[in-house]
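Please look at the sequence and the model first, then read the notes by topic.

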Amino acid sequence: MTEPDILMQVRALNPAPANELTPAEQRRMTQLAVELSQASVRPLRGVTSPVRRRRAPLIAFSVLGAGALAVTLVATNVLGLGAWSGGADAAAADVLNSAAIATLGVTDPVVGPGQYLLIQTDAVYASHGADGNGEITSYLDGYRDELYVPADQDDDWVWMRYAHTPVQTFGPASEAFAAEMQPLYEDELLRAPAGTFYGGSPKEISGDYDSLPRDPSQLLQTIYAKTDGQGQSRDGAALVWIADVLRSGTVPADLRAALYQAAAEIPGVTITEQQATLDGTTGIAIGRVETVTNARQDIIIDPKTGQFIGEREISLDAQNGLPAGTASSSTAVTTTVVDAAPEGGTQYGNHPPGDKP
Amino acid sequence: MPSDEDSAFSAAYSSNYADVLRYVQRRASPANVDDVVAETFAVAWRRRDALPAEPRAWLFRTASNVMKSTARRDARHKNVALRSWEPPHTGADLVQGLDVIAAWRQLARKDQEAIALHAWEELSDQEAAAVLGCTRATYTMRLSRAKRRLAKILRPAVEPSRADQHLQPYEGTS
């Protein structure tokens, strides 16, 4: 076979030939143009990848260490729960409400001038890929992130993202896939004023945090509105949103309490494991099974202190080469106050999108 | 009244949207295509005061970086990073087509990308080099090696030297 023949055959393999846009594609093109043109008024919605929103620990710290007033107000709400008739089952609701009360007694870390709040996130995510025979194979990849948030949030934030390391593989294809992916990952150090990593803006979300109701029912309604159309179900999307917010690691006590209580109002939420261990810390897992996907979202809480330990998603079916019961994602979060952050780093890390040809 | 930058962006958007969409469709998992395209043009929008005059290669490179970043962030959403290409269900010459498909799958992703930019995106060597962030000479060499490796997979019998053939008979014939 001659070289032109080979190239002709490769052209024939083109998975998306350069055809005219379909009507649906044209609609999306128009829609995106509208969103972009409005971007100067309001940050883009749906343009930033949802996971960036999930993983970027963007939150208002102005409420960290909020005064006794807020705490008292929420505590009143908590104690007034006699008439509560929410959606989670009774045992799960008890745990969540106890945790809400306990967490109010926890002093949030105070970040002094020149100091940083260090949010350390240890996560495991399933990576999926084709194995070369048209089958999907997966392995579990470990992620470690360290985010340094300055006391003055207009200053530089620093984000150390370590190269992924495989945590678990499932047979030869999985192992080969993991080995193939590893060279793609590298340590990445980011630095951006006011946390504008990758050109995004934390201000949009911090505004959201400030404005979130602390009344659990109102908060849940707000969450339903925010997650409208996402996920497989309204309740599932709401619990995922709560898990995402909690794992930012920076939720102040009063909001944390309200989030626990909001979770207690979600139908289908139950205690899923009494002794759940995440990254060496044991707590109680509260979660909800999404029937369509047969996957369960858990949040894991220390029931005594109300501390948020982490969250995880467990696939109850064997899927994509992962055995049934595997946590396809899990995140453990710890926060501390430190005196210094690493030097260096860029706004876009190792892959600046603005590279000019 | 729209600024010059806005007009330049609009022109870049309408003349490159389809190309960027196809580029991403060829590489990202279907569930992520819209997000990657949107993020790519959002980056372009934020940098609309400094877009290259011919932004196509820049947009492809940006899309590629968005996919890399997304792959790091996106495991939760079942993103398949650098997905292996899946063949269409129809083909003029099925048997030969299957050979090429099998060979393509054996090819390293770097080689796939070098060939794809040429054969699918139909970029010039200069443009493809810009997408990959290398010099034109480097890209030309990478493309040529990638084609050679693909050819070798497709026709292993004629590739080794006579001496090698003698020492390494075909599998199953010894």
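The structure is a predicted model. Chain A has 357 residues, and chain B has 174 residues. Chain A holds 10 helices and 10 strands, whereas chain B holds 8 helices and 0 strands.

**The two chains**

- In chain A, 50% of the residues are buried; in chain B, the buried share is 48%.
- Chain A has an accessible surface of about 15,400 Å², and carbon and sulfur atoms account for 53% of that area.
- For chain B the accessible surface is about 8,700 Å², with 53% belonging to carbon and sulfur atoms.
- Taking contacts in chain A between residues at least 6 apart in sequence, 65% join residues at least 24 apart.
- The corresponding figure for chain B, again among contacts between residues at least 6 apart, is 60% joining residues at least 24 apart.
- Read from the N terminus, the elements of chain B run α-α-α-α-α-α-α-α.

**Nonpolar cores**

- The largest nonpolar core has 56 residues, and those touching the most other members are B:Tyr17, B:Val24, B:Phe41 and B:Ile115.
- Helix H2 (residues 33–46) of chain B supplies the largest share of this core, 9 residues.
- Domain 1 (1–83) and domain 2 (86–158) of chain B both contribute residues to this core, so the core lies between them.
- Another core, of 49 residues, lies apart from the largest one; among its members are A:Tyr224, A:Ala238, A:Ala263 and A:Phe308.
- Leaving out residues up to four places away in sequence, B:Val24 touches B:Val33, B:Val36, B:Val37, B:Ala63 and B:Met67.

**Aromatic rings in chain B**

- Over all chains, the whole structure has 11 aromatic pairs.
- One of these pairs is B:Phe9 with B:Tyr13, which is stacked, at 5.9 Å centre to centre and with 25 degrees between the planes.
- Both B:Phe9 and B:Tyr13 belong to helix H1 (residues 4–25) of chain B, where they are 4 residues apart, or about one turn of the helix.
- B:Tyr13 also pairs with B:Tyr17: the ring centres are 5.5 Å apart and the planes stand at 55 degrees, so this pair is tilted.
- B:Tyr13 and B:Tyr17 are likewise 4 residues apart in helix H1 of chain B, about one helical turn.
- In general, an α-helix has 3.6 residues a turn, so residues three or four places apart point the same way.
- B:Phe9 is buried; B:Tyr13 is buried at 5% relative accessible area, and B:Tyr17 is buried at 3%.
- Ring pairs join B:Phe9, B:Tyr13, B:Tyr17, B:Phe41 and B:Trp45 into a cluster.

**Charges over rings in chain A**

- A:Arg161 is placed over the face of A:Trp159, 4.5 Å from the ring centre.
- A:Arg234 has its charged end over the ring of A:Tyr224, 3.6 Å from the centre of that ring.
- A:Tyr224 is also listed above as a member of the core of 49 residues.

**A mostly buried helix in chain B**

- Helix H5 (residues 109–119) of chain B has 8 of its 11 residues buried, so this helix is largely enclosed by the rest of the structure.
- The buried residues of H5(B) are B:Arg109, B:Asp111, B:Gln112, B:Ala114, B:Ile115, B:Ala116, B:Leu117 and B:Ala119.

- Most residues other than glycine have a negative phi.
- A:Asp279, which is not a glycine, has a positive phi near 50 degrees.
- A:Asp279 lies in the loop between strand E6 (270–278) and strand E7 (281–290) of chain A, and is exposed, with 55% relative accessibility.
- A:Asn294 also has a positive phi, of about 50 degrees, without being a glycine.
- A:Asn294 is in the loop between E7 and strand E8 (295–301) of chain A, and is partly exposed, with a relative accessible area of 24%.

Methods
Residues are numbered from 1 along each chain as its sequence is written. Chains are lettered from A and ligands numbered from 1 in the order in which they are written. This is a predicted model: local features need pLDDT of at least 70, side-chain atom pairs count only at pLDDT 80 or more; totals for chains, interfaces and linings use all residues. Side-chain values use heavy atoms; hydrogens and water are left out. A nonpolar core is a set of buried Ala, Val, Leu, Ile, Met, Phe, Trp, Tyr and Cys residues joined through side-chain atoms within 4.5 Å. Buried means under 20% relative accessible area, exposed over 50%, partly exposed in between (1.4 Å probe, protein chains only). Helices (H or I, at least four residues) and strands (E, at least two) are DSSP runs, numbered from the N terminus. Domain bounds come from an automatic or database domain assignment. Contact means heavy atoms within 4.5 Å. Rings of Phe, Tyr and Trp (its six-membered ring) pair if their centres lie within 6.5 Å; planes under 30 degrees apart count as stacked, over 60 as edge-to-face and the rest as tilted. A charge sits over a ring if NZ of Lys or CZ of Arg is within 6 Å of the ring centre and within 35 degrees of the ring normal. Accessible areas come from the Shrake-Rupley method with a 1.4 Å probe; for residues, only the protein chains shown count as cover.
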